[in-house]
Amino acid sequence: MTRDYAAIARIVDDAAHHATAIPQLSTTGHDLTLEEGYIVQAASIGRREARGERLIGVKMGFTSRAKQIQMGLSDVIWGRLTDGMRVEDGGVISLDTYVHPRAEPEIAFLLKKPLSGKVTLLEAMSAVEAIAPAIEIIDSRYEGFKFNLPDVVADNTSSSGFVTGSWCLPTIECSNLGFVLELNGRAAQVGSSAAVLGHPGRALAAAARLAMQQEVELQAGWIVMTGGATAAIALSSGDHVRCSVQSLGEASFSVN
Ligand code: OOG
Ligand code: MG
């Protein structure tokens, strides 16, 4: 069956652009395969690029058991990051521009070399210029934050915003760093970077491999968000969120 991917991309992009919830594609006659989900994702990011946004990296999803359990899905997936999604460290987001945002603590890598295809953990880590504590702001465009795998992939894996703290030297051993995600000064989630595939560098290697399946090569200068190390927390107006990562420092933002 041939589908109008551009039309489906428009549905998810409009929902993200106007912060309005939509029914899952799979319940409205668009029962996509995973491969088709990635085709729609590429087309929907193409629409953002046509509005002037620039691709600046990728993000990984479901790289920890905590996230897999929270969302009921267990395949590692990836999405695209644009400059329009970047939230300044210590910045303020407006709830009006999100449907039902959540925050999750992550480790971010900045690349100094391109990376693509099958790479080892060592090869992946040798492409890293710097490491930072980070927070991803996810916002599924689907009603009730519910979806199947192709739906969430088409919706750019719920990617909506991300904050990175100060960049640290890549020589810091990041396989088992403690995390605290604070909501309004109280610990809401605690965890370790070891929750991310045993080492966040494995999420980077997975990013190189999975993106290449869609003919995307990770570029020098790109940011890679390695996936939530804990379950995500729902955000409300007035919230202050801070993620502290052992040896790396912190990243934070507030909600208006
Ligand atoms: C999908 C995105 C998953 C992560 O870090 O695991 C993700 C979602 O949970 O809505 O970003
Ligand atoms: Mg995430």
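Predicted model: local features only at pLDDT ≥ 70, side-chain atom pairs only at ≥ 80, totals over all residues.
1. Let's start with where the ligand is. Ligand 1 sits in the largest cavity. The shell around ligand 1 draws two or more residues from each of strand S1 (55-61), helix H3 (65-71), strand S4 (102-111) and strand S5 (128-138). S1 gives the largest share, three residues.

2. Next, the neighbours themselves. There are 17 residues around ligand 1, and Lys 59, Lys 67, Glu 104, Ser 158 and Gly 228 come nearest. Sorted by class, the shell holds seven nonpolar, five polar and five charged residues.

3. An oxygen atom of ligand 1 lies 2.7 Å from a side-chain N or O atom of Ser 158. For the side chain of Glu 136, the distance from an N or O atom to an oxygen atom of ligand 1 is 2.9 Å, and for that of Glu 106 it is 3.1 Å.

4. Now to the largest pocket. The volume of the largest pocket is about 310 Å³. Its lining counts 21 residues, with Ala 16, Arg 48, Gly 84, Thr 97 and Ser 160 nearest the centre. Helix H1 (5-17) and strand S6 (159-164) are the elements that each give two or more residues to this lining.

5. Last, the make-up of that lining. Eight residues in the lining of the largest pocket are nonpolar, seven are polar and six are charged.

Conventions. Residues numbered from 1 in each chain as written. Chains lettered and ligands numbered in written order. Heavy atoms only, no water. Near = heavy atom within 4 Å. Polar contact = N/O pair within 3.5 Å; in protein donor to acceptor, adjacent residues only side chain to side chain. 1 Å grid on protein atoms, 1.4 Å probe; cavity = no way out; pocket = protein on both sides within 12 Å on 5 of 7 lines; lining within 4 Å. Sits in = over half its atoms within 2 Å of the grid points. Helix = DSSP H or I, 4+ residues; strand = E, 2+ residues; numbered from the N terminus. Nonpolar A, V, L, I, M, F, W, Y, C, P; charged D, E, K, R; others polar. Points joined across faces, edges and corners; volume = space filled by probe spheres on them.
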